Amino acid sequence: MAQGHVQRVKLLYKTILKLHRGLPAELQAIGNSYTRDEFKRHKKCNTDEAAVFMNEWTKYAIDLSEQLGLRGPKTGRDIGEHLDESALEQLRDEQIAQLYELHLAATAPPKKD
């Protein structure tokens with residue numbers, strides 16, 4: 001059973017990174033980095049946490065695939081979803097800090113080479 005779980009985790013991880021290819025370059029870099037960090041951070045979590053983790057990341061992959069469509073982002077369509085106040089109240093302080101860091105990275109002016 002453990003081997004099957006590992007294979008599902010790897011498949012989900014690879015699927016998410018492939019989906020990120022449809023994002024603008026800046027968001028792709030942020031998304032890949034965040035995904036990599038979260039999957040590493042949860043590598044040794046307990047069974048209950050693993051179930052929640054897999055459900056949430058699977059939902060993310062499905063939502064992102066629907067938002068990107070078959071040929072990348074569609075103009076006029078937002079990528080992501082807005083969090084209402086009740087969802088924000090359920091986040092731990094660490095999660096709020098991560099969300100804020102993502103916000104700063106996503107809204108920062110593009111870096112000039």
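Reader: So buried means under 20% relative accessible area, exposed over 50% and partly exposed in between (1.4 Å probe, protein chains only). What share of the protein is buried?

Author: Of the 113 residues in the protein, 18% are buried. Bear in mind that this is a predicted model, where local features need pLDDT of at least 70 and side-chain atom pairs count only at pLDDT 80 or more, while totals for chains, interfaces and linings use all residues. Residues are numbered from 1 along each chain as its sequence is written, and side-chain values use heavy atoms, with hydrogens and water left out.

Reader: Okay. How many helices and strands are there?

Author: There are five helices and zero strands, giving the pattern α-α-α-α-α along the sequence. Both kinds of element are DSSP runs numbered from the N terminus (helices are H or I, at least four residues; strands are E, at least two).

Reader: Which residues make up the largest nonpolar core?

Author: There are 11 of them: Leu12, Ile16, Leu19, Leu23, Phe39, Phe53, Met54, Trp57, Ala61, Leu64 and Leu68. Helices α1 (2-20) and α3 each supply at least two residues of this core, and the largest share, six residues, comes from α3. A nonpolar core is a set of buried Ala, Val, Leu, Ile, Met, Phe, Trp, Tyr and Cys residues joined through side-chain atoms within 4.5 Å.

Reader: Take Phe39 from that list. What does phenylalanine 39 touch?

Author: Leaving out residues up to four places away in sequence, phenylalanine 39 touches Val9, Leu12, Tyr13, Ile16, Phe53 and Trp57. Contact means heavy atoms within 4.5 Å.

Reader: And across the protein, what part of the contacts joins residues 24 or more positions apart?

Author: Such pairs account for 54% of the contacts with a separation of 6 or more.

Reader: Now charges. How many salt bridges does the structure hold?

Author: Two. A salt bridge is a side-chain nitrogen of Lys or Arg within 4 Å of a carboxyl oxygen of Asp or Glu. One joins arginine 41 to glutamate 38, with the closest N and O atoms 2.2 Å apart. In the other, the side chains of aspartate 63 and lysine 59 meet at 2.9 Å, N to O.

Reader: Where do arginine 41 and glutamate 38 lie?

Author: Both lie in helix α2 (residues 25-41), three residues apart, about one turn of the helix. Arginine 41 is partly exposed at 45% relative accessibility, whereas glutamate 38 is buried at 8%.

Reader: Which residues make the nonpolar surface patch?

Author: Leu83, Leu88 and Leu99 make that patch of about 220 Å². Patches are made of residues with over 30% relative accessible area and no salt bridge: like charges are joined within 9 Å, nonpolar side chains (Val, Leu, Ile, Met, Phe, Trp, Tyr) within 5 Å. Leucine 83 is found in the loop between α3 and α4 (85-89) and is partly exposed, with a relative accessible area of 43%.

Technical notes
Areas by Shrake-Rupley, 256 points an atom, 1.4 Å probe, with all protein chains shown as cover.
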